[in-house]
Amino acid sequence: MRDRQAVIAENFDGDGELYEDYLNACRAQFARDAAAGDAACQRADHRSLQRLAHSLKGVLALLGDEDGAADAATLETTAAALMNPGDVWPRLRARLLAHVPAA
Amino acid sequence: MGTGSGNEADDLTSAQAARLLGLAVRSVQQMADRGELESWKTSGGHRRIARQAVQRWREGARTAPATGSGARPEPGGRRVLLIDDSVHYQTLISMLLRRRMPDIELRVAPEPVAGLVTLGSWQPDVLLIDILLPGLDGASIVAALRANPGLTASRLIVVTSLDTVRREAYADGLDGVTLVPKATLAISLPAALERAFAERP
């Protein structure tokens, strides 16, 4: 975690009370986020995971949790890649079918 | 949480409230979490929404006082509508405005359809909108509103976590629109709002 005073100065315009109120609200929501993320993982809902990660990336950075923000950024990218396989799946599919003897 | 009549006969389930308000159940739950709808929980842990709070919301009035300073907007105060599906940013913007601009009446819509309905019926002075929204991106909404100026007189401000590179995909629709990065909300948003209010016809 970054230094609390530095986070307040840079991200909350020096308003320590705003920071504390917001941190407390985030703590309550993080429990719900964890449950939402678990549910999204169970049903392989990559879009919901991406959206959750996108939100948490910014929030954790705001609160000074740079490691958490980095993990959220990685998850956001990973989830997006799973939703949009691009040209990788067509290429792999072509390779698979290349192994299949013609009928 | 914890307010409301406490009388199950007078209050609604989240699903009942959602049907009356024409919103998703999750939206109603988030509104209750933010204190916009008075609610409480039964001994079994089931949420109940105050029927009177739902009725007041339907009539267009704000309901439960928000957390924090408890300051209420003055009659005839300035109106801001936020469309953002992130509870975290809904909370931050709510707290920030209550502290810095307590005369502002803020309404929050967690998804585009509810947001557009509120935009039309409530006609806020300023619309704050995120780019990444479920179902329909904010940039498309902004572009449509700008292409049809008769739809709303609200000033537009985009709030976003997207970095400069990722925002490029939406550049066409957002050209010339005030943009406030979510990383600097506490510093940038109050000033951006004051400028928007000053630009009102």
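User: Which residues does B:Leu193 touch, not counting residues up to four places away in sequence?

Analyst: This is a predicted model, in which local features need pLDDT of at least 70, side-chain atom pairs count only at pLDDT 80 or more, and totals for chains, interfaces and linings use all residues. Residues are numbered from 1 along each chain as its sequence is written, chains are lettered from A and ligands numbered from 1 in the order in which they are written, and side-chain values use heavy atoms, with hydrogens and water left out. Contact means heavy atoms within 4.5 Å. On that rule, the residues touched by B:Leu193 are B:Val80, B:Leu97, B:Met101, B:Ile104, B:Val126, B:Leu128 and B:Ile157.

User: What area is buried between chain A and chain B?

Analyst: The size of an interface is often given as the accessible area lost when the parts come together. Buried area is that loss (1.4 Å probe), summed over both parts. The contact takes 24 residues from chain A and 23 residues from chain B. Carbon and sulfur atoms give 54% of the buried area, which is about 2,000 Å².

User: How many salt bridges are there between chain A and chain B?

Analyst: A salt bridge is a side-chain nitrogen of Lys or Arg within 4 Å of a carboxyl oxygen of Asp or Glu. A:Glu17 forms one with B:Arg99, where the closest N and O atoms are 3.2 Å apart. Between chain A and chain B, the count of salt bridges is four.

User: Is A:Asp13 buried, partly exposed or exposed?

Analyst: A:Asp13 lies in the loop between α1 and α2 of chain A. Although A:Asp13 is not a glycine, its phi is positive, about 55°. Partly exposed covers the range between buried and exposed, the latter being over 50% relative accessible area. Because its relative accessible area is 41%, A:Asp13 is partly exposed.

Technical notes: Buried area = accessible area lost by both parts, 1.4 Å probe. Helix = DSSP H or I, 4+ residues; strand = E, 2+ residues; numbered from the N terminus. Buried < 20%, exposed > 50% of the residue type's maximum accessible area, 1.4 Å probe, protein only.
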